[in-house]
Amino acid sequence: MSSGSSPAPSSPTPLPPPGSAVPTHCPYCALQCGTRLRPGATPAEPLHVEPDADFPVNQGGLCQKGWTAPAVLRAADRLRTPLVRDRTGRLAPAGWDGALDTVAARLAEIRAAHGPDSVAVFGGGGLTNEKAYLLGKFARVALGTRMIDYNGRFCMSSAAAAGVAAFGLDRGLPFPVTDLGEADTVLLAGANPAETMPPLMRHLNKAGALVVIDPRRTATAERAALHLAPAPGTDLALALGLLHIAVTEGRHDEEYVSARTVGFRAAWRRAAGWWPERVELVTGVPADAQREAVRLLSEARRAYVLSGRGAEQHSKGTDTVAAFVNFALALGLPGRPGSGYGCLTGQGNGQGGREHGQKADQLPGYRHITDPGARAHVAGVWGVPPESLPGPGLSAAELLNALGTADGPRALLVFGSNPVVSAPDADRVQRRLAELDLLVVADFVPSETAAMADVVLPVTQWAEEEGTLTNLEGRVLRRHRALTPPPGVRTDLAVLHELAVRLGEPPDRFPAEPRRVFDELRRASGGGTADYGGVSYDRLDAGEALHWPCPATPEGSPPHPGTPRLFLDRFAHPDGKARFQDVDHREPADTRDDRYPLWATTGRQLAHYQSGAQTRRVPELVRAAPEATVEIHPDTAARAGLAEGELARVRSPRGAVLARVRLVATLRTDTVFLPFHFPGHGRANLLTGTALDPRSRMPEFKVSAVSVEPVELPERVREPAVRGAAG
């Protein structure tokens, strides 16, 4: 193990000339809107962002977060030096060599005493493809641990599992975003893009009709031709009912079902018992509205069914998505030009981040870690024996809940995630983190998770680094560097390289240059489901639009053009056919009763993103949404003794949240809504539980039994529940 002076980081790509615009992409959601960054004439001047009118996804539009993204780089509490917790318990500044030596020494000690699985790694869906790839390699080669997963498990796992089962592969949108603008009807199941990804509405607003399924009358539902508002946790029953109507009213495509699918009979046997009136009793959605939704979809020449987190973040999320896929298949939509099914991936690299190895059961190229052929291929690229690669580990929630237990990991490295705020049953997760022997966090601000760490490593942000990301339509995109990072800050790739070398790995095995990492990723993914073999920095920089799969071609042959539209000829199963899934409705894990008479559901706001670690540091966004809130119907609030603007305590069997009351007359009287972006007592995930989907291991974020009550505080502390940024 080396403890000498670290070599200087490799020279990054040269910066553009002063005043010139750098093409890149927004750091937030999976749209990855095209932007141009224009540095100021001097380092003291702020970076200016301009939307890219030529990028087809956003077509010159940006949301409030995108416009203000450069402000994150100037956060007052930006981390600029490593921090190591001293004997007094304080996080104190340290040099890079000392911090990295400390981490490597403690990791080696813990592994020697307790085995490789005593060390765990937790990644993020915002990491570039290069970071996600190298993080998975670092865990399995340098650490030899099975224990790696990432926060994308909380985002896309149910849709991914359902997509693989139905179609043979998982790509959020198997068609370009621009296709949606030519639709006659689009059904959105549990998605609110008007707030979560506003530029997408440029396409959806062109569609003939929107059908929105959401318990809330969201900004997206306001624009819909038809809004169905099921009780939280009943989306699966509603999807079964839509299939029932399609079949019994003769609106399904029998020729398509026969020629391009298998499994219809088993799926229909389930749906046959979900007639409209029964569905109405369970969901609260009127039978006539169900029939109208089916009519709009079935009579459309071009139609799409899209799912979002509202349908997916349940202990039955995979089955719920599968039921909506079944409905789409019955109508003959997937794989038909101008129609289809897709899911709206959430995080910035939510697509690429789930393809290249930071998932517990996965190797690069969307390969499964238990497949001998996959293990042999990837091990060959990595230069290690296949038998040295560990097997599958624990999913994100299970991994976090195992931390610090007798048989669980004793050390955790966190890259690009803030589980103290974002994980379910957040108080329990915080207690588990506190039991670790070593917690290391790589971040650019002191997030709530970083505040608990033994070592904090300051890393670069989006405008300061190179790399690639893959947006929700499977298009691989280039991130270009526009700024020099502050002194004392390093890239995540450099951190992984330095730690790997200190742990005894050959330096060349863990390159720190993004282009070298991507070239290795191309080889590792080659032949896999998510094949990037034919994608290169040169092709991307030349402006080519490359969607995976994009395999390498023999030397002398034309390069593969990429695959913007999947399934037009066949699905990815060996027989080329899509699979209906045999699924049925079941109740959520929580049960409402006299003590907890309401349902709480969680989600995002327009002004904030994910755990809020970035957006809560942007003054303009904090002014727009300064604190934790709870949306509640006026009648429900009155029964609880609450009025607009008062402080409420929302309580579940797991914990309690303090939030400011917002009266919303369009909300269901049995439901309250809380955004999950706020820390401390405003953490919505203090309410959520750890019931998991049996296939995707998705936690049940969207439905928790709760009560609400007024909070009487002394006048001197009567202030917003959570404001601004946490230190």
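Predicted model: local features only at pLDDT ≥ 70, side-chain atom pairs only at ≥ 80, totals over all residues.

Me: OK. Which strands does α4 lie across?

Reply: α4 lies across β6 (119–123), β7 and β16 (411–415). Its direction is at about 175 degrees to β6.

Me: And what does α20 touch on the sheet?

Reply: Helix α20 (residues 492–502) packs on it, touching β16, β17 and β18. The angle between the directions of α20 and β16 is about 150 degrees.

Me: What's the strand order in that open sheet of seven strands?

Reply: The order is β5-β4-β18-β17-β16-β6-β7, and the pairing is mixed. At the edges are β5 (91–93) and β7 (148–150), each of which pairs on one side only. On average, neighbouring strands here are turned by 20 degrees against each other, ignoring direction.

Me: How do β17 and β18 pair, parallel or antiparallel?

Reply: Parallel: β17 (residues 438–443) and β18 (residues 455–458) pair over four bridges. If you want a spot to look at, Asp443 stands opposite Pro458 in β18. In general, strands of a sheet pair through backbone hydrogen bonds.

Me: Switching to aromatics. How many pairs are there?

Reply: The count is 13 aromatic pairs. Take Tyr133 and Trp382: their ring centres are 6.3 Å apart and the planes are at 65 degrees, so this pair is edge-to-face.

Me: Where do those two sit?

Reply: Tyr133 is in helix α4 (residues 129–143) and Trp382 is in helix α16 (residues 372–382), so the pair ties together parts that are 249 residues apart in sequence. Both Tyr133 and Trp382 are buried.

Me: What about Phe567 and Phe571, how are their rings placed?

Reply: Their centres are 5.1 Å apart with the planes at 40 degrees, so that pair is tilted. Phe567 counts as buried at 8% relative accessibility, and Phe571 does too, at 1%. Ring pairs also link Phe567 and Phe571 with Phe167 and Tyr341 into a cluster.

Me: Which ring does the charged end of Lys137 sit over?

Reply: The ring of Phe510, 5.0 Å from its centre. There's an arginine case as well: Arg478 lies over the face of Tyr537, at 4.1 Å from the ring centre.

Me: Next, α11. Which of its residues are buried?

Reply: In helix α11 (residues 264–271), the buried ones are Phe264, Ala267 and Ala271. They cover an arc of only 70 degrees around the axis, which puts them on the same side of α11.

Me: Last one: where is Ala691?

Reply: Ala691 is in the loop between β27 (671–675) and β28 (704–710). With a relative accessible area of 25%, Ala691 is partly exposed.

Me: What is Ala691 in contact with?

Reply: Leaving aside neighbours within four places in sequence, Ala691 is in contact with Ser315, Ala589, Met698, Pro699 and Glu700. Phe701 is ten residues from Ala691 along the chain, and their C-alpha atoms are separated by 9.2 Å.

Terms used. Residues numbered from 1 in each chain as written. Heavy atoms only, no water. Buried < 20%, exposed > 50% of the residue type's maximum accessible area, 1.4 Å probe, protein only. Contact = heavy atoms within 4.5 Å. Phe/Tyr/Trp six-rings, centres within 6.5 Å; stacked < 30°, edge-to-face > 60°. Lys NZ or Arg CZ within 6 Å of the ring centre and 35° of its normal. Pairing = 2+ DSSP bridges. Axes fitted to C-alpha atoms, helices over the stretch in contact; angles between N-to-C directions. Arc of directions from axis to C-beta.
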